Amino acid sequence: VTPEQAQILTPEALQFIATLHRTFNSTRKTLLQKRVLRQQQIDQGILPDFLPETKAIRDDPTWTGAIPAPGLADRRVEITGPVDRKMVINALNSGAATFMADFEDSNAPTWENNISGQINMKDAIHQRISYTAPNGKQYNIRKDGKVATLIVRPRGWHLDEKHVLIDGQVTSGSLFDFALYFFHNAKKSVEIGWGPYFYLPKMESHLEARLWNDVFNLSQDYIGMPRGTIRGTCLIETIMAAFEMEEFIYELREHSAGLNCGRWDYIFSVIKKLRQDPAFLLPDRADVSMTTPFMDSYVRLLIKTCHKRGVHAMGGMAAQIPIKNNEAANKAAMDKVRNDKLREVKAGHDGTWVAHPDLVKIALTIFNEHMPQPNQLHIRREDVHVTAQDLLNTKVKGGKITEAGIRANVSVSLMYMEAWLRGAGCVPIHNLMEDAATAEISRSQLWQWAKHGARTNAGVQITPEYLLRVLDEEVDKLSKEMGEQRFKASKIPQAKIYLATQITGRDYSDFLTSLLYDDIVELEKAKANL
């Protein structure tokens, strides 16, 4: 622990982490085991459905979520990105309404990334963050008060933080990320006119939302903060969560800031959860759009649910980034962003996500034109009636599996995994800003196609051998493009070994990040410091 890191890892902060761990880690583990048991039921043909035991909550029209907290009434454009220092400054200065600082899918959780990220969060909240680039360029926070409201996304319940042991046990990545940010910044965030705000990822049950609510209550009590000061926005990015949207809001109630369409992880979850059933085969990733039946149904249900309960219904990510030196390609990419944001605001969303500062203006222009008021909570969408069958309708009109789609999946998976193993969790690939979710879709599709012997539009059957051959060819292609020296210095060979285990239709890791995590854990250094 360096002197700078020690300012974050204080005895008092570590004691707080230990308190949360000792109070909640056993519940977390129990809930993760429930996921395993539910997956076994799905594999046996018991498909997801609305829960009969919570019908009374869904049918009760009298309860609502919390009123919007300071800095969260108008969330028309949210920029997201990892917690490195330059990104944090650029995002806060971007003109977006809020910035989701991400310790999850766009952050590779190395010890250095996590702790420097916490330092950056503290400096941002205490309004002293600055950065000098290697070329001498200075980055500072804007002084006109138009800084984006900060929202932090900790890791999901399934991820561990192996650099910290409590009573000899590895601690939860979720509790670790949450605890350090909350402990150091909660009171200051209220002082500057916001509050401690969080995005809550990857949940599969309202009981997991209940656990977050319990964590929030204990944490506020611990530092003498009034309950209800924290706000949490739940990402609906698993197929299981889509059937429990009202329950998620209900569990968080006084802490609820709404729901978000985590669209890429949602597609990944649909493939993952239903992967044993050939009836749910999906075509090329490029053919699965927001107008695909299961995606359209989930969006409409989310907007109706949120507005019924008085909370924000946030739209999804535009992953496009500006394309330099190709005006036609750049125009096509930006047009896709405009069309996506126009569809969202017209559907009734209260805000949307972008991954690059240059897209903020495009999204703002669309939302300002069609949503002059701070949000659209008044649009009830009572015309919407979504059934379980609608949420599970994965038929894609005109969709097909192509060799180009297979190669794109292999390429994206390889390049993302290579970057992640180097400690980078947010990577521009093929003119899109990719995080873990898109790599998850890519490798899960390959697994699904191999498992069920799907055929391409050219009639070629997809077998494990076929995919492993494509993997070899894509690695060879990258080797030639990179040159011998760069290739040897890269993590491509390592990524190839891992990816080869995930695309044969046999072994399947629940999350790539869990599969790769041990490679970025500094165990030897940790042992030396014990």
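Biologist: Is Asp435 buried or exposed?
Modeller: Asp435 is buried, with a relative accessible area of 19%; buried means under 20%, exposed over 50% and partly exposed in between, using a 1.4 Å probe on protein chains only. Keep in mind that this is a predicted model, where local features need pLDDT of at least 70, side-chain atom pairs count only at pLDDT 80 or more, and totals for chains, interfaces and linings use all residues. Residues are numbered from 1 along each chain as its sequence is written, and side-chain values use heavy atoms, leaving out hydrogens and water.
Biologist: Okay, and which residues does Asp435 contact, leaving aside neighbours within four places in sequence?
Modeller: With those left aside, Asp435 is in contact (heavy atoms within 4.5 Å) with Asp105, Ser106, Arg153, Tyr416 and Gly425.
Biologist: Where does UniProt place the feature "active site"?
Modeller: The unreviewed UniProt entry puts that feature at Arg153 and Asp435. Positions are in the numbering used here, feature names are shortened, and annotations may be inferred rather than shown by experiment.
Biologist: Why do they gather at one spot?
Modeller: They span 283 residues in sequence, yet no two of their C-alpha atoms are more than 13.9 Å apart, so they gather at one spot.
Biologist: Switching to Arg153, is that one buried or exposed?
Modeller: Arg153 counts as buried, at 3% relative accessibility.
Biologist: Which side chain does Arg153 join in a polar contact?
Modeller: The side chain of Asp102, at 2.7 Å. A polar contact is a pair of N or O atoms within 3.5 Å; within protein, one must be able to donate a hydrogen and the other to accept it, and residues adjacent in sequence count only if both atoms are side-chain atoms.
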